Amino acid sequence: MAQMYDRVALIGLGLIASSLYWAMKRDGLAGEVVGYARSSETRQTAREIGLCDRICDSAAEAVQDADLVILCVPVGVMGKVAAQIAPMLKPGATVSDVGSVKADVIAQVGPHLPAGVHFVPAHPVAGTEYSGPRSGFAELFENRWCLLVPAADTDPAATARLRKLWEAMGSKVAEMDAEHHDRVLAVTSHAPHLIAYTMVGVADDLSRVTDSEVIEYSAAGFRDFTRIAASDPTMWRDVFLSNKEATLEILGRFTEELFALQRAIRQGDGEHLHAYFTRTRAIRRSIVEAGQDTDAPDFGRSGRK
Ligand code: NAP
């Protein structure tokens, strides 16, 4: 495939950045890919495993002469990283990110970027519960959505070029505004993660079921929760603090529905339960039909989601 950017800088070298590197290299989408991570340990690992063509010891050095800079750090530190790189950005460069929350990241990063630099925030809706420089793989973005959230005054050519890059890595791309993005993701990802964290926490607290029994007799529902609840603590702390309002709104609705189901159980209202589960089953079927999941019975046990 054709090279789309001469030089790309990846700031942060975890799951998403390493997957980006392997995907871009596999398909020849970027000339040189330069990387930077905060800890010398991660930079050392990256050098050892050949992650990036060059690893720099500062973020400012990594972005020099880059045509595309992608911020791949937790959402809570995007602003701090943007401040560090801003003075070294090449005029005409595009700055993007992969953060799971958009409005807060835009508010943090935008003010630091000099005029003449294009800001095209992005969110690949793809991940696993693994993190760090060794966890990435080239296929992560295949057949997954990447949501672009450009501002109204962003240069359409910069957005179109970034869209092509994501499409070349196998993603389906859609554009939406930041507030809408954050509401959608609160429903589809953020609130479900919090519920999984809670459920695993509850099981951990049960006094009449021992820890070893929870693990030994782990059934499908709980097992799937544990996979989600194994996701990176720093990343998810930041997601909830950054997408506070949308997540709290969904959790409020969740609590109301939970109370209604609780009442139905207490009152023996099987009709309510049956109707509810019939509706949710239809949603599951639509997700499988949309190609966003598989019906394979081992879903979720391969370590990818
Ligand atoms: P990751 O594997 O945990 O890697 C995070 C990277 O950010 C590491 O290189 C880490 O540096 C660096 N970092 C952490 N704290 C930092 C700080 N305070 N200052 C500077 N750098 C810091 O994370 P990831 O899964 O790739 O996630 C990166 C971004 O992608 C996040 O914004 C996340 O919301 C988003 N995202 C994640 C997923 C997912 O499922 N994982 C999916 C879509 C989007 P060290 O290695 O030196 O500690």
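In this predicted model, Glu257, Ala260, Leu261, Ala264 and Ile265 of helix H11 meet His272, Leu273, Tyr276 and Arg279 of helix H12. By class, this contact of H11 with H12 has 6 nonpolar, 1 polar and 2 charged residues.

**Packing of H11 and H12**

- Two packed helices are described by the angle between their axes together with the distance between those axes.
- Helix H11, which spans residues 244-266, packs with helix H12, residues 270-289, at an angle of about 140°, and the two axes are 9 Å apart.
- Because angles over 145 degrees would count as roughly antiparallel and those from 65 to 115 as roughly perpendicular, H11 and H12 are therefore described as oblique to each other.

- A polar side-chain atom of Thr42 lies 2.5 Å from an oxygen atom of the ligand, while a polar side-chain atom of Arg38 lies 2.8 Å from a ligand oxygen atom.
- The backbone also takes part, in that a polar backbone atom of Ile16 is 2.9 Å from an oxygen atom of the ligand.

**Cover and shell of the ligand**

- Of the 910 Å² of accessible area that the ligand has on its own, the protein covers 87%.

How values were computed:
Residues are numbered from 1 along each chain as its sequence is written. This is a predicted model: local features need pLDDT of at least 70, side-chain atom pairs count only at pLDDT 80 or more; totals for chains, interfaces and linings use all residues. Side-chain values use heavy atoms; hydrogens and water are left out. A polar contact is a pair of N or O atoms within 3.5 Å; within protein, one must be able to donate a hydrogen and the other to accept it, and residues adjacent in sequence count only if both atoms are side-chain atoms. Accessible areas come from the Shrake-Rupley method with a 1.4 Å probe; for residues, only the protein chains shown count as cover. Axes are lines fitted to C-alpha atoms, for helices over the stretch in contact, and angles run from 0 to 180 degrees between N-to-C directions. Helices (H or I, at least four residues) and strands (E, at least two) are DSSP runs, numbered from the N terminus. Angles under 35 degrees count as roughly parallel, over 145 as roughly antiparallel, 65 to 115 as roughly perpendicular and the rest as oblique. Contact means heavy atoms within 4.5 Å. Ala, Val, Leu, Ile, Met, Phe, Trp, Tyr, Cys and Pro count as nonpolar, Asp, Glu, Lys and Arg as charged, and the others, Gly among them, as polar.
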